[in-house]
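Visitor: I have a model open here and would like to go through it piece by piece. Can we start with the helices?
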Amino acid sequence: MSKAWCVTNFSDVVSFSCDWKIVNFSRCLKIHQKTDSAAIVIPGTGGLVCHMVCTGYNPGGIVSKIQVNDVEKVVEEATLFSITLELDDGDGGAAKLAGFVDVQCDDVSLRGCFGDQSKEVFLVKTNLGGGKFGWSFVPEKPIKYFTSSTNQFKDHAGFYHSNKQDSTVEIKLSLYSPGEISKTVFTGPPLKKVDTIELVVNMKALLLDPKHSDVVLKCQSEQLLCHKAILGTRSAVFERMFDVDMKEATSGVVVIDDVEPDVLKAMVEHIYTGNDVTEQVDDLVKLVYVGDKYELKGLLDFCFQKFNYDNDDNQLVEMLIMADKHSLDKFKDLAMRRIIMDKAKFIKDGDFLSRIENYPKLLVELFKA
């Protein structure tokens, strides 16, 4: 049986800004009724392409007065207009955005917006009319305009600009995408099973019987009486050790002091029997370590299966650090994925942060994921 880890990752909010300058703005709208910006590719949307569009509004007469926040001012034949963000292809799928524009309307700064990124309110496209889809910027401060034809003030849900030959309008756009969803699947290798056949029984009996042993593995106060031929056949590291003129080969004693005795015993039993010994140790990280150190692929496979199936996060950081240090890519990848699956929990875990803060490269990898 094999097991898969499925990770669905929702990235953080992506922000984007763009400045748009329109020269001879009032004349442009008077002749063409609308003007649009160059194409804008919105980050965090999978390549959504939009245009900012300014569309003129015909008030039915000459606008000579504007009222903003109950303050009235005389203007020079003002141009009224609205601002939208239009999709380039009219589709956009289910993309959601929030954003605002800041427009300098003569000496008054007006802001129009849709959605609210600070409250996680993101909106899907709407029908803008004329076969166009996108988003409309609604002014935070509605204005009123006065024309001589009506002789009264009327509401305008948009913006204004005084008509001047050299008039230039600058629009500052800020957009926010809620982020993108990515999905990945990692499948572990099939579970290996070794039958308890006669050979396995005999090999374990050989391990327990020191009669023909010719090498001692010494770990702290423990001594394991073993056989060079078996250790060398199963581990290329032991083979090289016994083949060259090293003190271990001549003395018949191999001191292993970088792991606990229970880890060494489990490793040796695997060498002799090929069995899964991961349940015999409390420190799986150290078992992976000796499996890598002595080039025991079968032991590493069993350790990976144990790590893959085990939902205990107690040794997750140690496994990540050790795997990164020894270039054990599949262990590192699985540890990273498990942390990313519950990144918010780990970021709030002071013990996790204190253990990993000395490994800035890993921290960067985690926070970028």
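Visitor: Is the crossing of helix 7 and helix 8 left-handed or right-handed?
Guide: The crossing of helix 7 and helix 8 is left-handed. Bear in mind that this is a predicted model.

Visitor: At what angle do the axes of helix 7 and helix 8 cross?
Guide: At roughly 155°, and the axes come within 9 Å. Angles over 145 degrees count as roughly antiparallel, so helix 7 and helix 8 are roughly antiparallel to each other.

Visitor: Which residues meet there, in helix 7 and helix 8?
Guide: Helix 7 contributes Leu-284, Leu-287, Val-288, Gly-291 and Asp-292. Facing them in helix 8 (residues 297-309) are Leu-299, Leu-300, Cys-303, Lys-306 and Phe-307.

Visitor: How many nonpolar, polar and charged residues does that contact have?
Guide: The contact of helix 7 with helix 8 has 7 nonpolar residues, 1 polar and 2 charged.

Visitor: And helix 9, are helix 7 and helix 9 roughly parallel or antiparallel?
Guide: The axes of helix 7 and helix 9 (residues 316-325) cross at roughly 15° and come within 9 Å. Angles under 35 degrees count as roughly parallel, so helix 7 and helix 9 are roughly parallel to each other. Helix 7 passes helix 9 in a right-handed crossing.

Visitor: Which residues make that contact?
Guide: On helix 7, Leu-284, Val-285, Val-288 and Tyr-289; on helix 9, Glu-318, Met-319 and Met-322. By type, the contact of helix 7 with helix 9 divides into 6 nonpolar residues, no polar ones and 1 charged.

Visitor: Why is helix 9 called largely enclosed?
Guide: Because 7 of the 10 residues of helix 9 are buried. Buried means under 20% relative accessible area. The buried residues of helix 9 are Leu-316, Val-317, Met-319, Leu-320, Ile-321, Met-322 and Ala-323.

Visitor: What is the phi of Ser-327, after helix 9?
Guide: Positive, near 55°. Ser-327 follows helix 9.

Visitor: Where in the protein chain is confidence highest, and where lowest?
Guide: Helix 7 (residues 284-293) has the highest confidence, with a mean of 95, while strand 19 (residues 181-187) has the lowest, with a mean of 66. For the protein chain, the mean pLDDT is 85, and 90% of residues reach 70 or more.

Visitor: New topic, His-227. Where does His-227 sit?
Guide: In the loop between strand 21 (222-226) and helix 3 (228-234).

Visitor: Is His-227 buried or exposed?
Guide: His-227 counts as buried, because its relative accessibility is 7%.

Visitor: What is His-227 in contact with?
Guide: Leaving aside neighbours within four places in sequence, His-227 contacts Leu-206, Asp-209, His-212, Ser-213, Asp-214, Val-215 and Tyr-272.

Visitor: Now Lys-96. Which strand is Lys-96 in?
Guide: Strand 9, residues 96-105. Lys-96 is partly exposed, with a relative accessible area of 41%.

Visitor: What does Lys-96 touch?
Guide: Not counting residues up to four places away in sequence, Lys-96 touches Phe-122, Leu-123, Val-124, Tyr-176, Ser-177 and Pro-178. Take Tyr-176: Lys-96 and Tyr-176 are 80 residues apart along the chain, and their C-alpha atoms are separated by 8.9 Å.

Visitor: Last one. Does Val-71 count as buried or exposed?
Guide: Val-71, in strand 7 (residues 71-74), counts as exposed at 53% relative accessibility. Val-71 and Lys-144 are 73 residues apart in sequence and 9.9 Å apart in space, C-alpha to C-alpha.

Terms used
Residues numbered from 1 in each chain as written. Predicted model: local features only at pLDDT ≥ 70, side-chain atom pairs only at ≥ 80, totals over all residues. Heavy atoms only, no water. pLDDT = per-residue confidence, 0-100. Helix = DSSP H or I, 4+ residues; strand = E, 2+ residues; numbered from the N terminus. Buried < 20%, exposed > 50% of the residue type's maximum accessible area, 1.4 Å probe, protein only. Contact = heavy atoms within 4.5 Å. Axes fitted to C-alpha atoms, helices over the stretch in contact; angles between N-to-C directions. Parallel < 35°, antiparallel > 145°, perpendicular 65-115°, else oblique. Left-handed = near helix turned anticlockwise from the far one by under 90°. Nonpolar A, V, L, I, M, F, W, Y, C, P; charged D, E, K, R; others polar.
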